[in-house]
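Grab a pencil and work through these exercises one at a time. Try each task on your own before you read the solution below it.

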Amino acid sequence: MSKDKLDKKFYLVREDVLPEAMKKTLEAKEMIERKKVESVWDAVQQVDLSRSAFYKYRDTVFPFHTIVKEKLITLFFHLEDRSGTLSQLLGVVASAGCNVLTIHQTIPLQGRAQVTLSLNITGMVIEINELLSNLRKLEFVENVEVLGSGA
């Protein structure tokens with residue numbers, strides 16, 4: 001795995017320099033969150049955005065006020081099915097000061113399992129980028145994604 005995939009960084013960017021598709025994605029997400037629309041389709045139609053652009057940016061662009069107050073994060077993993085992998089994974093999470101709220105693991109198929117962790121990051125002692133990098137460096141972790149965050 002390349003270094004750039006291991007070390008994703010987050011930036012604070014002024015709205016006026018964002019591409020139009022990102023601005024519209026934020027607008028559509030807000031409409032969905034506030035239940036002003038019935039579906040993603042309705043939201044993207046109202047803001048004049050393609051669904052593919054919405055899905056491309058929805059998990060990568062967030063309003064600043066939501067990130068500042070967020071204390072929960074959900075991570076999705078593709079893991080090799082080996083004895084002790086979940087224990088090691090949880091050890092890295094715990095050493096970062098995170099509290100595990102939920103764990104969901106699929107039945108391993110063809111030597112692979114999928115795990116979803118919901119974490120309370122209130123007491124986290126490192127940056128989220130460092131936690132993600134540490135998790136991606138584990139030999140048995142094939143992929144880790146941030147599914148969502150919120151309070």
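Let's start with burial: a residue is buried under 20% relative accessible area, exposed over 50%, and partly exposed in between (1.4 Å probe, protein chains only). The model is predicted, so local features need pLDDT of at least 70 and side-chain atom pairs count only at pLDDT 80 or more, while totals for chains, interfaces and linings use all residues. Residues are numbered from 1 along each chain as its sequence is written, and side-chain values use heavy atoms, with hydrogens and water left out.

**Exercise 1. Find out how many helices and strands the chain has, and in what order they come.**

Step 1: Know what you're counting. Helices (H or I, at least four residues) and strands (E, at least two) are DSSP runs, numbered from the N terminus.
Step 2: Read off the order from the N terminus: α-α-α-α-α-β-α-β-β-α-β.
Step 3: Of the 151 residues in the chain, 34% are buried.

**Exercise 2. Decide whether Lys24 is buried or exposed, and describe its salt bridge.**

Step 1: Check the accessibility. Lys24 has a relative accessibility of 18%, so Lys24 counts as buried.
Step 2: Recall the rule. A salt bridge is a side-chain nitrogen of Lys or Arg within 4 Å of a carboxyl oxygen of Asp or Glu.
Step 3: Apply the rule. Lys24 pairs with Asp48, and their closest N and O atoms are 3.9 Å apart.
Step 4: Lys24 sits in helix 2 and Asp48 in the loop between helix 3 (40-47) and helix 4 (51-57), so the pair ties together parts that are 24 residues apart in sequence.
Step 5: Check the partner. Asp48 is exposed because its relative accessible area is 62%.

**Exercise 3. Lys29 is buried; find the nearest side chain of opposite charge and what its own side chain reaches.**

Step 1: Sort the charges. Lys and Arg count as positive and Asp and Glu as negative; His and the chain ends are not counted.
Step 2: Look for a partner. The nearest opposite charge to Lys29 is Asp59, 5.8 Å away, and Lys29 has no salt bridge.
Step 3: Look at the backbone. The Lys29 side chain reaches the backbone oxygen of Arg58 at 2.8 Å.
Step 4: Follow Asp59. Asp59 forms a salt bridge with Arg58, with the closest N and O atoms 3.5 Å apart.
Step 5: Compare accessibilities with the cut-offs. Asp59, at 37%, is partly exposed, and Arg58 counts as partly exposed at 33%.

**Exercise 4. Find which residues are linked with Glu80 in a network of salt bridges.**

Step 1: Begin with one pair. The side chains of Glu80 and Arg82 meet at 2.9 Å, N to O, in a salt bridge.
Step 2: Glu80, Arg82 and Glu139 are linked in a network.
Step 3: Glu80 is partly exposed at 22% relative accessible area, and Arg82 counts as partly exposed at 33%.
Step 4: Finish with the total: seven salt bridges by this rule.

How values were computed:
A polar contact is a pair of N or O atoms within 3.5 Å; within protein, one must be able to donate a hydrogen and the other to accept it, and residues adjacent in sequence count only if both atoms are side-chain atoms.
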